Amino acid sequence: MQNSIQREITINASRERVYKAISDPEQVVKWFPETIEGNYAVDEQPVFGFGDHGKNQVFIVDARPHEYFAFRWVPGGNHFLGDVLSVDTTLVEFRLSELQDGSCKVSLSETGFASLPAEIAESSHEQNSGGWNFMLGRLETLFAGD
Amino acid sequence: MSVEAIFKALGDPVRLEIITRLSDGSSYTIGKLSEDLGVSRQGARKQIQTLASADIIQLHPAGRETRVSLNTESLQQARLFISQLEQQWDQRLLALKQLSED
């Protein structure tokens, strides 16, 4: 149980190469959606096609060569067509960094599964209960006892 | 109950505090659970109802009282959903690696 996904992978290619594979519509369809309809650019809402698994409209949040690319979507690549900004979404972020040997580390995060108010971190609830992470820690313990 | 509904129900500080209290596995009466939440009793009751509707907690009548306990199955379902998404991302990132290294 958690509110975010964090994954990392090291790729033996330059940061520029990896950024292109993520941000270029002709490249991204070779590893992620099968098709893209519409404009794959910041502030636009293109549609990712996943063949028989349906279509998922996304909102491109930011694209900063060659370090950052982010979009919002209905999580899981589930079927969704409509105004992405009018529904609950998660934020998917790719962060690229160059390692000493010239390879590229890709850090992927998907956040916002439980749309927690941002202020919770500073709130008194946080101090009282230790907040989200504390709770999840306790839940993990509970599950481990099953 | 959909995972989306479960996550939605988790997205509130008062509801999270309620789950935190229940997460040691014990059950509380509604009255006891509503204490010191920083909201009125009515407000607390409403949040408890929301959690019950999302199947995150269970209400058991016990005499004149109602006892509340955590439904770990729902939370496990949410956790399973997350771990499936993690596997999906791992597969996608592997495909990104293969493409980039070609």
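Student: In this predicted model, how are α2(B) and α4(B) oriented to each other: roughly parallel or roughly perpendicular?

Tutor: The axes of helix α2 (residues 13-22) of chain B and α4(B) lie 10 Å apart and pack at an angle of about 70°. Angles of 65 to 115 degrees count as roughly perpendicular. The two helices α2(B) and α4(B) are therefore roughly perpendicular to each other.

Student: How many charged residues does the contact of α2(B) with α4(B) have?

Tutor: From α2(B), the residues B:Val14, B:Arg15, B:Ile18 and B:Ile19 meet B:Gln47, B:Ile48, B:Thr50 and B:Leu51 of α4(B). By class, this contact has five nonpolar and two polar residues, and the number of charged residues is one.

Student: How are α1(B) and α5(B) oriented to each other: roughly antiparallel or roughly perpendicular?

Tutor: Helix α1 (residues 3-10) of chain B and α5(B) have axes that come within 10 Å and cross at roughly 110°. That angle belongs to the range of 65 to 115 degrees. Therefore α1(B) and α5(B) are roughly perpendicular to each other.

Student: How many nonpolar residues are there in the contact of α1(B) with α5(B)?

Tutor: On the α1(B) side, B:Val3, B:Ile6, B:Phe7 and B:Leu10 take part; they meet B:Ser74, B:Leu75, B:Gln77, B:Ala78, B:Phe81 and B:Ile82 in α5(B). The contact of α1(B) with α5(B) includes two polar residues and no charged ones, while its nonpolar residues number eight.

Student: Which residues of chain B are in contact with A:Val106, leaving aside neighbours within four places in sequence?

Tutor: A:Val106 is among the residues with the most contacts inside the largest nonpolar core. Its contacts in chain A include A:Arg7, A:Ile9, A:Val18 and A:Phe94. In chain B, A:Val106 is in contact with B:Leu93 and B:Leu96.

Student: Why is B:Asp55 classed as partly exposed?

Tutor: B:Asp55 has its place in the loop between α4 (41-53) and β2 (57-62) of chain B. Buried means under 20% relative accessible area and exposed means over 50%, with partly exposed in between. B:Asp55 is partly exposed because its relative accessible area is 36%.

Definitions and conventions:
Residues numbered from 1 in each chain as written. Chains lettered and ligands numbered in written order. Predicted model: local features only at pLDDT ≥ 70, side-chain atom pairs only at ≥ 80, totals over all residues. Heavy atoms only, no water. Core = buried A, V, L, I, M, F, W, Y, C linked by side-chain atoms within 4.5 Å. Buried < 20%, exposed > 50% of the residue type's maximum accessible area, 1.4 Å probe, protein only. Contact = heavy atoms within 4.5 Å. Helix = DSSP H or I, 4+ residues; strand = E, 2+ residues; numbered from the N terminus. Axes fitted to C-alpha atoms, helices over the stretch in contact; angles between N-to-C directions. Parallel < 35°, antiparallel > 145°, perpendicular 65-115°, else oblique. Nonpolar A, V, L, I, M, F, W, Y, C, P; charged D, E, K, R; others polar.
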